[in-house]
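Subject: A structure for you to explore

Hi there,

Here is the structure I promised to hand over. Have a look around it first, and then read on for what turned up.

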Amino acid sequence: MVCPCKKAMKDFVKEYETLYPYGVAFFFLANASDDEVIKTVVSEYNVTGEDVIHYNLPDKQQKALEEYLKVNGYPTYILVDPEGKIVNEHIDVSNLERLVQLIKRIKDNRS
């Protein structure tokens with residue numbers, strides 16, 4: 001059985017290509033994962049790109065960030081605007097068209 005995070009990563013290239021024109025940055029948080037495992041998964045699923053960042057935080061920092069962001073499970077997707085405001089706490093990346101419309105509205109409101 002494939003874990004939920006790996007299952008979600010199968011669609012990353014499509015998500016990245018769709019959202020890249022809108023200046024979206026991707027921040028991946030590993031949850032208690034070995035650095036070598038992370039490197040293998042990143043390579044296997046091609047979870048790379050110009051604005052793709054991976055973090056494997058120490059336990060205490062990870063827990064604090066999860067609490068602050070209200071992360072209850074993985075994978076969790078959170079949309080943050082350029083000013084750092086959380087726009088949507090738990091977005092559905094399976095509906096990329098809706099997500100693109102949300103990103104466009106955010107950009108239009110900044111203009």
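Which side chains meet in a salt bridge? They are those of Glu-36 and Lys-39, with a distance of 3.6 Å from N to O. A salt bridge here is a side-chain nitrogen of Lys or Arg within 4 Å of a carboxyl oxygen of Asp or Glu. By this rule the count comes to one salt bridge. Glu-36 and Lys-39 are separated by about one helical turn because they are three residues apart in helix α3. Helices (H or I, at least four residues) and strands (E, at least two) are DSSP runs, numbered from the N terminus. Glu-36 has 47% relative accessibility, so it counts as partly exposed, and Lys-39, at 53%, counts as exposed. For these words, buried means under 20% relative accessible area, exposed means over 50%, and partly exposed is in between (1.4 Å probe, protein chains only).

Before going further, a note on the model: it is predicted, so local features need pLDDT of at least 70 and side-chain atom pairs count only at pLDDT 80 or more, while totals for chains, interfaces and linings use all residues. Residues are numbered from 1 along each chain as its sequence is written, and side-chain values use heavy atoms, with hydrogens and water left out.

Lys and Arg count as positive and Asp and Glu as negative, while His and the chain ends are not counted. Glu-66 is found in helix α4, residues 59–69. Glu-66 is buried but has no salt bridge, and Lys-63, the nearest side chain of opposite charge, is 4.5 Å away. What does join the side chain of Glu-66 to that of Tyr-74? A polar contact of 2.7 Å does. A polar contact is a pair of N or O atoms within 3.5 Å; within protein, one must be able to donate a hydrogen and the other to accept it, and residues adjacent in sequence count only if both atoms are side-chain atoms. Leaving out residues up to four places away in sequence, Glu-66 touches Asn-31, Val-71 and Tyr-74, where contact means heavy atoms within 4.5 Å.

Asp-81 lies in the loop between β3 and β4 (86–88). Asp-81 is also buried without a salt bridge, with Lys-85, the nearest side chain of opposite charge, 5.4 Å away. The side chain of Asp-81 reaches the backbone nitrogen of Glu-83 at 2.9 Å.

On a 1 Å grid over the protein atoms alone, a cavity is a set of points where a 1.4 Å probe fits but cannot get out; a pocket is an open set with protein on both sides within 12 Å along at least five of seven lines, and lining residues have an atom within 4 Å of a point. Grid points are joined across faces, edges and corners, and a volume is the space filled by probe spheres set on the points.

The largest pocket holds about 1,400 Å³ of space. It is lined by 45 residues, and the closest to its centre are Phe-26, Phe-27, Phe-28, Thr-76 and Ile-78. Helix α5 gives the most to this lining, with five residues.

How many cavities of 30 Å³ or more does a search of the whole structure find? The search finds one. The largest cavity has a volume of about 40 Å³, and α5 supplies the largest share of its lining, three residues.

Enjoy exploring!
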